[in-house]
Amino acid sequence: DADRVGITVANVEYYHQRYLGKPLDPALYGQKTREELVEYCCDTIKVVDGVLTAAAGLTGTVGRRKRT
């Protein structure tokens, strides 16, 4: 979808439910909110311009699949 550049923090729960078929519960990771959960995952993801992206050493934008 050209209108979407990736997954925003506000939409993490929606995409988790849509693609994994179960609700996202930050408490399962010892966090209280989705924002705290994103911060907790800082070794793999970070937020750039409001969109989840791969952390340093990783490539790509979270939520966008490369087509080959």
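Residues are numbered from 1 along each chain as its sequence is written. In this predicted model, local features need pLDDT of at least 70, side-chain atom pairs count only at pLDDT 80 or more, totals for chains, interfaces and linings use all residues, and side-chain values use heavy atoms, with hydrogens and water left out.

**Whole chain.** Helices (H or I, at least four residues) and strands (E, at least two) are DSSP runs, numbered from the N terminus.

Switch to a surface. The protein exposes about 5,500 Å² (Shrake-Rupley method, 1.4 Å probe; for residues, only the protein chains shown count as cover), and carbon and sulfur atoms supply 51% of that area. Of the 68 residues, 25% count as buried; buried means under 20% relative accessible area, exposed over 50%, and partly exposed in between (1.4 Å probe, protein chains only).

**Loop between the helices.** Select Tyr29, in the loop between α1 (12–20) and α2 (34–40). Tyr29 counts as partly exposed because its relative accessibility is 42%.

**Loop between the strands.** Move to Asp49, which lies in the loop between β1 (45–48) and β2 (51–54). Its phi is near 55°, a positive value in a residue other than glycine. With a relative accessibility of 79%, Asp49 counts as exposed.
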